[in-house]
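Me: I've got a new model open and I'd like to learn how to read it. Could you walk me through how helices pack and what sits in the core?

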Amino acid sequence: MADGGIVIDMKKLNSNSNDSAIELVGGGCDGGGGGGYAVDVGGGALWEDVLRRCVSKLGVSPRSWTDYLGLTVGGTLSNGGVSGQTFRYDVECTELEVVTGTGDTVICSESQNSELFFSVLGGLGQFGIITRARVVVQPAPDMVRWIRVVYSDFDEFTEDAESLITRPEGDSFDYVEGFVFVNSDDPVNGWPSVVLDPTEQGFDPSFVTRSVNPVMYCLEVALHYSKGNCSATVDTVVQKLLGRLRFMDDTQFQVDLTYMDFLLRVKEAEKHAKANGIWDAPHPWLNLFVSKSSIADFNRCVFNKILKDGIGGPMLVYPILRNKWDERTSVVLPEGDIFYIVALLRFTNPYQKSPTVNDLVLQNHEIVQTCVRKGFDFKLYLPHYNTEDGWKQHFGDRWSWFVEMKSRYDPMAILAPGQKIFTRHQSC
């Protein structure tokens, strides 16, 4: 994991209890939905522990987080953090405690030590280790209506998704994501992966023959509501929002569940993957940010050609508003007001004949090279390059600033050397 270096287990900073590292404090935001509140969270706390504590004990929830909750708060903030709430809020934090590469422990925020604050956010761990974060919260809902609808036309899928994320709050869903799936009855890559509750809704294989497209598109949305809302009220709101969309007839799948069950939905998928033995198998994922201007061509060249048979896991694709990301952080994004996250979350199955890890890595390389060759506007999310030139191209105009921040906060380049961004300086 760290050739010639060390790995720090941040969970050890959380004392003897996860709860002790999560504390509700005032002054989290300026009159927002959380009434100005935030939670102080240890950098090594897992999102799962934070959300369980916040929702069950405090009645609040962070405004945004990652879909997979087995990640640390500090690690997420160091890379950016993306989910179905990102169209409305990024992972909002107002204050950080950071241990820099010079060994200093620094409290930083937008108004205090701001250069360190913004450089650490999305800084890939290059400037400091986040040991505490103040994360903005708002009142937590009780229930969620979780819905999936299917499209055969990519343009209609993207136009509807973009319309949802650009509507004002209160006139849209609370969560918007989407994914691509194979137009077949394959249980992993095909139509069965769309159904939310097979025991009640079943799977009608006649859907498969309604389109000749090799892949289809699923828009996934969710509406938060309280126990006080009657079912008819929720139905009315949902139908009003869905009524503006152009998905295929008879392809609406939905289920009602508690807010915590919705949060833990990926945890359940993890349990099944562990039981099947694939969770610990190699999984060479590829994550990209692709601009709106390039996403249709990406769909044509990648989803419909290179990946037309699926990847043995989810192929996420959904839009994000650029103005929800602070331009002062270290995260670099494609051009334009809207860009898409493309997450190819593939696994190798040790018990079935499937492509080798090397084959999948080569296919990831083919996808990236296709994007370069076609001139797509994209950036790697969770980036990795083997040369300084690769990193220079990734950061573009931000490279000189990134280098300056490194020389200021980690001049010996002792942090995160495995990314091969900077060469470690040996002391005498």
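Me: Which hand does the crossing of H4 and H9 have?

Reply: The crossing of H4 and H9 is right-handed, where right-handed means the near helix is turned clockwise from the far one by less than a right angle, and left-handed means anticlockwise. This is a predicted model, where local features need pLDDT of at least 70, side-chain atom pairs count only at pLDDT 80 or more, and totals for chains, interfaces and linings use all residues. Residues are numbered from 1 along each chain as its sequence is written, and side-chain values use heavy atoms, leaving out hydrogens and water.

Me: At what angle do H4 and H9 pack?

Reply: Two packed helices are described by the angle between their axes and the distance between the axes. Here H4 (residues 154-166) and H9 (residues 292-306) pack at about 150 degrees, with axes 11 Å apart. That makes H4 roughly antiparallel to H9 (over 145 degrees).

Me: Which residues of H4 and H9 meet?

Reply: Phe 154, Asp 155 and Glu 162 in H4 meet Lys 292, Ile 295, Ala 296 and Asn 299 in H9 (contact is heavy atoms within 4.5 Å). By class, three are nonpolar, one polar and three charged.

Me: And which residues have the most contacts inside the largest nonpolar core?

Reply: In soluble globular proteins, nonpolar side chains tend to be buried together. In this model, Leu 96, Leu 219 and Phe 298 have the most contacts inside the largest nonpolar core, which has 105 residues (buried is under 20% relative accessible area, with a 1.4 Å probe and protein chains only; core members join through side-chain atoms within 4.5 Å). Strand S9 (residues 215-225) gives the most to this core, seven residues.

Conventions:
Buried < 20%, exposed > 50% of the residue type's maximum accessible area, 1.4 Å probe, protein only. Helix = DSSP H or I, 4+ residues; strand = E, 2+ residues; numbered from the N terminus. Axes fitted to C-alpha atoms, helices over the stretch in contact; angles between N-to-C directions. Parallel < 35°, antiparallel > 145°, perpendicular 65-115°, else oblique. Nonpolar A, V, L, I, M, F, W, Y, C, P; charged D, E, K, R; others polar.
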